[in-house]
Amino acid sequence: EMKRWREGDLRITTLRLVTIALLILLALATFFSLRTLRRLPNVVVYFVKSEETSFTLSPAYRRERVDGLEGQLSIAVQRLIDGPTSSEEQRGLSSAVPTTTKLLELTLEKNQVTVNLSNEFETGGGMASVQGRLEQLFYTLTQPTDIDKVNLLLEGESVIVFSGEGIIIENPWTRKTRETLPRW
C-alpha cells in the first residue's frame with residue numbers, strides 16, 4: 001500500500017511541476033509578445049518619393065502612443081503635417097503638405113473619416129505638389145485601416161474644387177481598389 005501511495009504522490013507532484021513549468025513558459029511568452037507589440041509601428045504616413053519623371057508615394061512607419069483608431073488617424077495627419085524625419089529624408093522622402101497646415105478636427109464615423117484642415121493645406125505649389133498632398137492625405141487616412149471614405153473640409157467648409165489649380169475632388173473621396181500606389 002505504501003508503494004502505491006508513493007507512486008500516486010509522485011504522479012501528482014510531477015503533474016504539478018509540469019503545470020507550473022507550462023505556466024511560467026506561458027507567462028514568459030506573453031511578456032515577450034507584449035514587449036514586441038509595443039515596438040511595432042501603429043501609424044503609417046505616406047510621403048512623396050521622387051522618381052526620374054514622376055512622383056509616387058512611399059509609406060513611413062511610426063510607433064506612436066495613441067488610443068483608438070480616431071486617435072491613430074489624428075496623429076497620422078499631424079505627422080504628415082510635420083513632414084518626414086531626417087532618416088526618412090535620407091531615404092528620399094519629402095512632403096507636399098505645407099508645414100503651416102493645422103489639423104482643426106478629425107472625426108470618425110463607421111468607415112468614413114472627416115478631416116478639417118486650415119486653409120494653408122491648399123496654398124502654394126504647382127499641380128504636382130497639390131496632387132501630391134491630396135494623395136498623401138488620402139492614403140495616410142485610408143491605409144492600412146478599414147477607412148474607405150474621406151471628407152475633406154478646409155476651415156469647416158466642404159471642398160469640391162481644391163486650390164488655385166482647380167482640382168475637382170469627390171467629397172467624400174471613395175477609396176477605389178488600386179493595385180499600386182498612385183503615380184503623377
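**View 1. Helix α2 from end to end.** In this predicted model, helix α2 runs over residues 68-82, which gives it 15 residues. From first C-alpha to last it reaches 21 Å, close to the 21 Å expected at 1.5 Å a residue.

**View 2. What α2 packs against.** Several α2 residues are tucked away here: Leu73, Ile75, Ala76, Val77, Arg79, Leu80 and Ile81 are buried.

**View 3. Where α2 meets α4.** The axes of these two helices come within 9 Å and cross at roughly 150°. Angles over 145 degrees count as roughly antiparallel, so α2 is roughly antiparallel to α4. The crossing of α2 and α4 is right-handed. On the α2 side, the contact is made by Leu73, Ala76, Val77 and Leu80, while α4 brings in Gln136, Leu137, Thr140 and Leu141. Sorted by class, that makes six nonpolar residues, two polar ones and no charged ones.

View 4. Thr140 sits in helix α4. Is Thr140 buried or exposed? Its relative accessible area is 2%, and buried means under 20%, so Thr140 counts as buried. Leaving aside residues up to four places away in sequence, Thr140 touches Val44, Val45, Tyr46, Ala76, Val77 and Leu80. Among those, Ala76, Val77 and Leu80 also turn up on the α2 side of the contact with α4.

Conventions
Residues are numbered from 1 along each chain as its sequence is written. This is a predicted model: local features need pLDDT of at least 70, side-chain atom pairs count only at pLDDT 80 or more; totals for chains, interfaces and linings use all residues. Side-chain values use heavy atoms; hydrogens and water are left out. Helices (H or I, at least four residues) and strands (E, at least two) are DSSP runs, numbered from the N terminus. The expected span of a helix is 1.5 Å times one less than its number of residues. Buried means under 20% relative accessible area, exposed over 50%, partly exposed in between (1.4 Å probe, protein chains only). Axes are lines fitted to C-alpha atoms, for helices over the stretch in contact, and angles run from 0 to 180 degrees between N-to-C directions. Angles under 35 degrees count as roughly parallel, over 145 as roughly antiparallel, 65 to 115 as roughly perpendicular and the rest as oblique. A crossing is left-handed if the near helix is turned anticlockwise from the far one by less than a right angle, and right-handed if clockwise. Contact means heavy atoms within 4.5 Å. Ala, Val, Leu, Ile, Met, Phe, Trp, Tyr, Cys and Pro count as nonpolar, Asp, Glu, Lys and Arg as charged, and the others, Gly among them, as polar.
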